[in-house]
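Here is a friendly note to read with the model open beside you. Take the points one at a time, and find each residue on screen as you go.

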Number of protein chains: 4
Amino acid sequence: MTVRAAVAGASGYAGGELLRLLLAHPEVEIGVLTGQSSAGQRLGALQPHLTPLAEREVRPTTADALGGHDVVFLALPHGRSAAVAEQLGGDTLVVDCGADFRLADATDWARFYGSPHAGTWPYGLPELPGARAALAGSRRIAVPGCYPTAVLLALFPAYAAQLAEPEAVVVAASGASGAGKAPRADLLGSEVMGSMRPYGVGGGHRHTPEMVQNLSAVARRRVAVSFTPTLAPMPRGILATCSAAARPGVGAHDVRAAYEKALDAEPFVRLLPEGQWPTTAAVYGSNTAQIQVALDPTVGRIIAISAIDNLTKGTAGGAVQSMNAALGLPEGLGLSTIGVAP
Amino acid sequence: MTVRAAVAGASGYAGGELLRLLLAHPEVEIGVLTGQSSAGQRLGALQPHLTPLAEREVRPTTADALGGHDVVFLALPHGRSAAVAEQLGGDTLVVDCGADFRLADATDWARFYGSPHAGTWPYGLPELPGARAALAGSRRIAVPGCYPTAVLLALFPAYAAQLAEPEAVVVAASGASGAGKAPRADLLGSEVMGSMRPYGVGGGHRHTPEMVQNLSAVARRRVAVSFTPTLAPMPRGILATCSAAARPGVGAHDVRAAYEKALDAEPFVRLLPEGQWPTTAAVYGSNTAQIQVALDPTVGRIIAISAIDNLTKGTAGGAVQSMNAALGLPEGLGLSTIGVAP
Amino acid sequence: MTVRAAVAGASGYAGGELLRLLLAHPEVEIGVLTGQSSAGQRLGALQPHLTPLAEREVRPTTADALGGHDVVFLALPHGRSAAVAEQLGGDTLVVDCGADFRLADATDWARFYGSPHAGTWPYGLPELPGARAALAGSRRIAVPGCYPTAVLLALFPAYAAQLAEPEAVVVAASGASGAGKAPRADLLGSEVMGSMRPYGVGGGHRHTPEMVQNLSAVARRRVAVSFTPTLAPMPRGILATCSAAARPGVGAHDVRAAYEKALDAEPFVRLLPEGQWPTTAAVYGSNTAQIQVALDPTVGRIIAISAIDNLTKGTAGGAVQSMNAALGLPEGLGLSTIGVAP
Amino acid sequence: MTVRAAVAGASGYAGGELLRLLLAHPEVEIGVLTGQSSAGQRLGALQPHLTPLAEREVRPTTADALGGHDVVFLALPHGRSAAVAEQLGGDTLVVDCGADFRLADATDWARFYGSPHAGTWPYGLPELPGARAALAGSRRIAVPGCYPTAVLLALFPAYAAQLAEPEAVVVAASGASGAGKAPRADLLGSEVMGSMRPYGVGGGHRHTPEMVQNLSAVARRRVAVSFTPTLAPMPRGILATCSAAARPGVGAHDVRAAYEKALDAEPFVRLLPEGQWPTTAAVYGSNTAQIQVALDPTVGRIIAISAIDNLTKGTAGGAVQSMNAALGLPEGLGLSTIGVAP
């Protein structure tokens, strides 16, 4: 089976990573590439690392250009996907890398994004309980945010096994590509290099309700999340340090066992051997999430840490993995578990 | 008054930073510089940024070499300071940048450091309640660890005002110089650049008991600390993201007022205007700690974040500030509040 | 003597560095700060490292605002300085950090900058033969470009002593702050980190005629320069690798002697001991230029390498040093030779 | 055909990159992995990015362990390969990533490496004139050095077409992985980040004679090379800025035509469209060399710039490409032209 795939938003970071992965996918043929301000340019000038596509021209993002493909990946600014998706037939698999269809609660959506709520699509994190079943055969996929991917993979085993109290504290560091490719003075290399800084502190980051929604579903009760994102001086990668109080009677062995049970069969999650901790360098460019967990006996907290590549497992890799699941292809097709290190 | 100062451990990062600051101190004359493996070399080959001291020769670290100075700074590996300090007269101001005299509890010391407990000296963080009085006139100073400096400055106002529950969660990112200059494969540039990674997770880091001891003293009850340090791809800087549940009835205004009261008069702590968050770049090379605090209303947690330069305010700057306090000099003499940015 | 100084362009990188240095200058009082798009904002939001000036408001750049100061520093986009300078009295010392008054040849100016030629002012590189005399008492100073500063300091001793053939090859790496603070997609942290790239290749960089003009003046014949700038993944610093064929009969001893003669008395140039090579880290934030030179016997070329901080010695430090020279103050007043490392 | 491949030196950077590429090679089965100090450890602790090999144990490097494979890759310190190769049968394809068999001149070898000369093997840079023929069917391959790979690809077209005078000036910047994984204080992250520095200046770098040998062979007369390597603050990548005087009468069109002729058919060299310059980020993790060339009309020099990943095209990728050539497999099998960016 050969799948013809279009990418809308081909000149940005998510679009570039989608193309990098799709080029290596044995069942995908890359169709139309579209962009906004980049329309009319050769891709080689915009994404010089995508050698085989250098001569491709970027076309304007229209339903017309995107029509006639088996799969359409949308890597658009938030709020733009619904209008495009509506014009694509119900047979087309639409994979939205934006936030538009992630949140079930319209009030949450309005509060954090400000535009009308578009709806909810199956959530593209196959590792979550029930997610694979929802993805199979679906023609619409909402790819998770990069931070939620890292945080959910680190914490869902603890909540699925009812080991943790329902208040999690998360501090995560992300590489600068998570902020996108639109020019901003505070994202200049001179500002980012040699510096760590927080943003969206105090519950204000848009990924917070997405974490709450999905952890609560796993835990079958509301889980509160204190989330502080920080910008780290690196191009890619998320390191999420997550913790929650262990419920009474929970021991280190229970924690380890729950994580092994939840993660050992997952092809793209690697629970590290005890004592070894994740590093973002090890997953650079790969679809692997590295996870480690410990119980701090002094404070009685479960500490779970994950490392992912925000553009791969956190965006484009998760999108391709979910596409595979939706289309009935082997879930790992075209995806690598191997990082580019050092 | 001219103070003659010796530095033991002049070839390391802490020693180099001490010398950088002492060179700018109007009342200090730099005396003997000592080292271990570097003895016999010119400082210019070891610390090429210290131009005015380039021709100075490093001498072996002996009590003999260090004797005859008004102040002796010890930047030695943990466990070595007591033996040197004993041989220096009681009139000499000994400023220990190591951990040897920081912990009051011998059991904590033994558990985290493994060597015999040497005792406790006045703690060189003048901003803590009572610390200035203890430093004035003292001839022995225990300089705080770099992480404790960042964390205590971020959290002590909340605990001094009894606003927070006694369990803090801290995730801090440090630049690589915090790990010192001794060669290690995991600290090579190739390993550090482009990567974030945790270490000492689950309560194992040696700075944990130091935070617990000092926060507990401020709060007048035991404060537990869940501390996760991470290594960030930058040479200098600590960003500490600290949080604790707000006690019942505490509002955002109470929090702001407590921080203003505790910090506004401090020359080396800058509580930022509301809405502006700390960045390590802004304090690069300076003795300033930038602080911001917020109350996350959804989860009811106080989030306090600090940024310091681990080598300046976190080590050598704190040492010089405490020396000034001990000698009765203006506390800010020779120290800058201005970072080197971008 | 207290000098009242205004800074036009206070929100950019050059302006910020000027203020960082002026804050440490014992004879300077900082007057009005002006900006374009930043007018009306507090400086603390724009330059958070300049703690003592955090509450200062940026005013619009007008001759009116800048009038009434002893010194006015212009850190404006190229082509804007002449109009401002004209409106400032002849008694005011105007120090232009832009290119407007650097080039003597109107054709060169037109070819590389495209706007009308404004004239030529005394060149703010006191180390060049004759430059100090021209600066003394002057009320107009053209601060050199950052690359020319690095390249001229590395090469002028060879040409002053007639040791080198008149064709130099220069490849220089600069930190990203050299490109300024205006947002550009190709200067985003994600693009800069982990990457080296050339630009302005083949003689197209605007600093080329400035190098040619000044090396030719020193050599007393036309010196051609093949100049390739590259962007390096660091915030600050220039490393300039310069070479030229040695003239017949020139030996290693002649080269060393010429550099010692030209540089040994210079307070802000450090010719390193033989065998030690410059590093940009050693001059971070300092006004020092580190220089080393060697004669490659196999190819018969003199290799001279310099490291400077592009914002300090390469811009704001050179400006302050030249201001001191013009005003008859000690040339090093308020300037440090000590880098911030590691 | 399935090829069984062993890797000696599996815990280092070259060994890790070899394994990363071999894991993606459809005709290779990874056999024994050996190391020196790492023997006995699991690979997952040493190379955490190589997820599929995490449980593999590293064995001591002996001929016994390496025997019985179709291909043996040697990623050993210089001077160790000959002894191992001797004990492997003549049927085994031995691919040496060290320098031992690169230099034809025993005097050069002795001068730069100091140990007895081992001989010369076919040179693993298939793009050089005549190299493919020498590799076909060979059972011994000397993989080029990383700098020579970058420099030869940039300059050989000019010399093959007799366009350039026989003296080249090369300044190259390399990421820190080029210096290997053995702990050294000057390669610590704190020393490397934020800094550029030269080393091996003045003709002293070991890769100089390798460049001279191969450029001279292409030019059919001796080509001198002034080579200055610099260490850049990035993990991977080489940017080589190369220039040489154009011979009389050579025009820009001649230069472009020569490069197109030499490079257009090469699958792993991309001559960029005119006006676009190479960047190391674009080739991160890929086997592509990006090349651009220009003629600076003012100084009459050909400027050729290349960007490669020092570990991929510069070491392990070149090794696999050459293995393919030697074994009669499609030369690009298992290798990617796509970089991991941003």
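1. Where in chain A does Glu266(A) lie? Look in the loop between α10 (252-263) and β11 (269-271) of chain A, and you will find Glu266(A) there. Please keep in mind throughout that this is a predicted model.

2. Is Glu266(A) buried or exposed? Its relative accessibility is 11%, so Glu266(A) counts as buried, the cut-off being under 20%. Leaving aside residues up to four places away in sequence, Glu266(A) touches Glu127(A) and Arg132(A).

3. Now move to chain C, where Val293(C) sits in strand β12 (residues 289-296). Val293(C) has a relative accessible area of 9% and is buried. Apart from residues up to four places away in sequence, it touches Val255(C), Tyr259(C), Trp277(C), Ile302(C), Ile303(C) and Ala304(C).

4. Next, the contact of chain A with chain B. How much area do chain A and chain B bury between them? The value is about 3,100 Å², with 67% of it on carbon and sulfur atoms. On each side, 41 residues take part: 41 of chain A and 41 of chain B.

5. What holds polar interest here? Between chain A and chain B there are two salt bridges. Arg301(A) forms a salt bridge with Glu167(B), and their closest N and O atoms are 3.0 Å apart. Several elements give two or more residues to the side of chain A that touches chain B, among them β7 (164-174) and β13 (301-308) of chain A. β9(A) gives the most, with five residues. By kind, that side of chain A divides into 21 nonpolar, 13 polar and seven charged residues.

6. Finally, turn to chain D and chain B, which bury about 1,400 Å² between them, again with 67% on carbon and sulfur atoms. In chain D, the residues that lose the most area to chain B are Leu188(D), Ser190(D) and Met193(D), together 41% of what that side buries. The contact takes 19 residues from each of chain D and chain B.

7. How many salt bridges cross the interface of chain D and chain B? The rule finds zero, while eight residue pairs are in polar contact. Helix α8 (residues 189-192) of chain D gives the most to the side that touches chain B, with four residues. The residues on that side of chain D are twelve nonpolar, four polar and three charged.

How values were computed
Residues are numbered from 1 along each chain as its sequence is written. Chains are lettered from A and ligands numbered from 1 in the order in which they are written. This is a predicted model: local features need pLDDT of at least 70, side-chain atom pairs count only at pLDDT 80 or more; totals for chains, interfaces and linings use all residues. Side-chain values use heavy atoms; hydrogens and water are left out. Contact means heavy atoms within 4.5 Å. Buried area is the accessible area (1.4 Å probe) that two parts lose on being put together, summed over both. A salt bridge is a side-chain nitrogen of Lys or Arg within 4 Å of a carboxyl oxygen of Asp or Glu. A polar contact is a pair of N or O atoms within 3.5 Å; within protein, one must be able to donate a hydrogen and the other to accept it, and residues adjacent in sequence count only if both atoms are side-chain atoms. Ala, Val, Leu, Ile, Met, Phe, Trp, Tyr, Cys and Pro count as nonpolar, Asp, Glu, Lys and Arg as charged, and the others, Gly among them, as polar. Buried means under 20% relative accessible area, exposed over 50%, partly exposed in between (1.4 Å probe, protein chains only).
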